[in-house]
Amino acid sequence: MNGHELVFYGGIMALLAVGIWAVLSRRNLIKAIMGLAIIETAVNLLLVAVGYVSGRSAPIVGGDTGIGSSPVGGVVDPVPQALVLTAIVISLATTALALVAAIGYYKHTGTLDLKSFSYGRTDEKEVRK
Amino acid sequence: MTVDPVLLIVIPLAAAFLVPLTSLFSKAIARWIPLLGLLGMALVIGLDFGDLYDGAVTSTTGGFDPPWGISIVMTPFGGLLAAGMIGVALYVLLSGVGGRDGKNGVVYSTMVMMATTGGVGMVITGDLFNMFVFLEITSIAGVVLAAMPRDNDRKGLNWRGAAVYAVVGGVASFLVLAGIGLLYGATSTLNIAQMASRVGDMDAFVAGTAFLLMLIGFGIEAELFPLNGWAVEVYRGSRWGTSSIFSTVIGKAGLFALLRMSFIVIGPAIKGDFVMDILLWGGAATYLFGEAAAFTSRDMYRMLGYSSIGVFGLLTASFSIGTGDGVRAGVLLIIGHMLAKPLLFSMMAHAGRRYSGDVPLKALRGMIRSSPAGALMMTVGILALIGMPPSPTFWGKYFLFSGAGSSEQWVLVGILVVGTVIEAGYLGRLIFNIFDVRKDTRENGLPLARGIMGAVAVFMIFLIGVMPGPLHDIIELVIRELLQPLTYIRWGVI
């Protein structure tokens, strides 16, 4: 494993550990959702790392910017980068939806703390129509 | 007659786009669109079903042959599951016809359709990243469904379930994606069949790490122990239709994905029985946990939810025996569960509709007098779930005991006996309450649509229980598909 890979995979492991720790240990829903976002970032970084080839340029063929002027053989694997784009869009949706659920939970319970939720007494009284 | 299986994705997606547009003009029309979308899916799977007896029904997208483009590989196993999922979704929506939709009826029916689309997509796609996208569609629809409260619920249980599932489901999806990334790095392809053909080059450590990530990710979706804490929160706070979709569509799709990857790709990459052993004993532990937790539950939504968790364990263990009888058992148990569980959820919800929050067992008391048709159908559903003949679950458990016995898995046989006794114990309590008539029993007539759909489920239970023969040939293909990776590779490399 060379220096670049060490930085990539070390960073991924660290981010993943922080994210999973946040999801598992935080009682506050917002902090758990932040943990989820960190996990998503770690996985996106993993996908980029999988397709990275040392010394090659961005996978944009042609163009005048200088970034993408390499021939096809001189670029990194473009497939993981396309996957990351899709994954980022999906993670935006999942994070937004999780926040909506957190707001709904807060409105009904007055707290974001998952463990302080009280189920209350089992309501066995019939609701009179 | 064969139609392109990609229509199973195109039709519901087009319908989902039409719903908000049509809602601008007429909500009365918009609320029928998801049902029409599901009927379109049923038509497609109905027309293609006969071809599944000859192998997989395949399709390419965008004019790119695999592995360059995304391919659809509807195998016999995937096709059977897709048909079941569409059937359950139709059961849920048709049961509500003519009745009160509850709040947000249009959104609810659209999300039922989208969760089903995601589940169907997961079982028919031939591309691993595409499977992740469908997993996310299922998860997002699942969160919205979980957030919708039951009619009388004012406690916010639904939001708790939705919030927990949003976080846990999100983690599950991205752990799966991490596993996909590792597998892509090792094989340079996302096409599942091509990936399976390249497992010989895969490093065992990479394969093991990918397996761990997918076991956790798909295991969360398939409600496997100890990854199923979220599921009970969802079952406790959601509508009966949502509970049915989670237990028979979303969970089954997760289980299918776990089995597909374990049997076709990762299992062959890691030599020996390591993968199958983990799944077998993890499944057995889930079965015991689910049944024991269901036995101690006082709320019927939780009881049936834990029962579903137990069934997921049973299914995982069945398939992981790794023999023909194990696969036969798994397929028949899936069919039995898909027929009985929505029936039980719908009848239980009807009996407990006057309760807010938890629904105790006594809600069923005297049901045989208050709602005789519902009581009889629910009793049939309970007996079918336990495995009384004639029912698909009976045949499933017969093959399961036979498979475990012939493989000399005596510990597993013991676990199956204990689990079945516990299951009969708590489900028997439901029957006892149904027939426990008291003076204060009030009439609680079953809505017509729910009664008709219940009768259809009961008819199917008896039909498949008495005549499982027509399924024989397709189940033999499922055995080949799962136990002989080369079969899937031939189907997948179009």
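**Notes on a predicted complex**

1. Let's start with confidence. Chain B averages a pLDDT of 90, and 97% of its residues score at least 70; pLDDT is the predictor's confidence in each residue, from 0 to 100. For the complex, the predictor gives an ipTM of 0.88 and a pTM of 0.93.

2. A word on ground rules. This is a predicted model, in which local features need pLDDT of at least 70 and side-chain atom pairs count only at pLDDT 80 or more, while totals for chains, interfaces and linings use all residues. Residues are numbered from 1 along each chain as its sequence is written, and chains are lettered from A and ligands numbered from 1 in the order in which they are written.

3. Chain A reads α-α-α along its sequence, with three helices and zero strands (DSSP runs numbered from the N terminus: H or I of at least four residues for helices, E of at least two for strands). Of its 129 residues, 24% are buried, meaning 20 or more other C-beta atoms lie within 10 Å of the residue's own, with C-beta atoms placed from the backbone. Among chain A contacts between residues at least 6 apart in sequence, 54% join residues at least 24 apart (contact: C-beta atoms, placed from the backbone, within 7 Å).

4. Now the two chains together. Chain B puts 31 residues in contact with 33 residues of chain A. On the chain B side, α6 (128–147) and α7 are the elements giving two or more residues, and α7(B) has the largest share, with 14 residues. That side comprises 17 nonpolar, seven polar and seven charged residues (Ala, Val, Leu, Ile, Met, Phe, Trp, Tyr, Cys and Pro count as nonpolar, Asp, Glu, Lys and Arg as charged, and the others, Gly among them, as polar).

5. Have a look at the largest nonpolar core, which has 218 residues; A101(A) and A163(B) are among those with the most contacts inside it (such a core is a set of buried Ala, Val, Leu, Ile, Met, Phe, Trp, Tyr and Cys residues joined through C-beta atoms within 7 Å). Helix α7 (residues 157–187) of chain B gives the most to this core, 20 residues. Leaving out residues up to four places away in sequence, A163(B) touches L29(A), A98(A), A101(A), A102(A) and Y105(A).

6. Finally, a helix pair. In chain B, α4 (residues 76–95) and α5 (residues 105–124) pack at about 175 degrees, their axes 9 Å apart (axes are lines fitted to C-alpha atoms, for helices over the stretch in contact, and angles run from 0 to 180 degrees between N-to-C directions). So α4(B) is roughly antiparallel to α5(B), the label for angles over 145 degrees. Their contact has 12 nonpolar, four polar and no charged residues.

How values were computed. Buried ≥ 20, exposed ≤ 12 C-beta atoms within 10 Å, placed from the backbone. Contact = placed C-beta atoms within 7 Å. Parallel < 35°, antiparallel > 145°, perpendicular 65-115°, else oblique.
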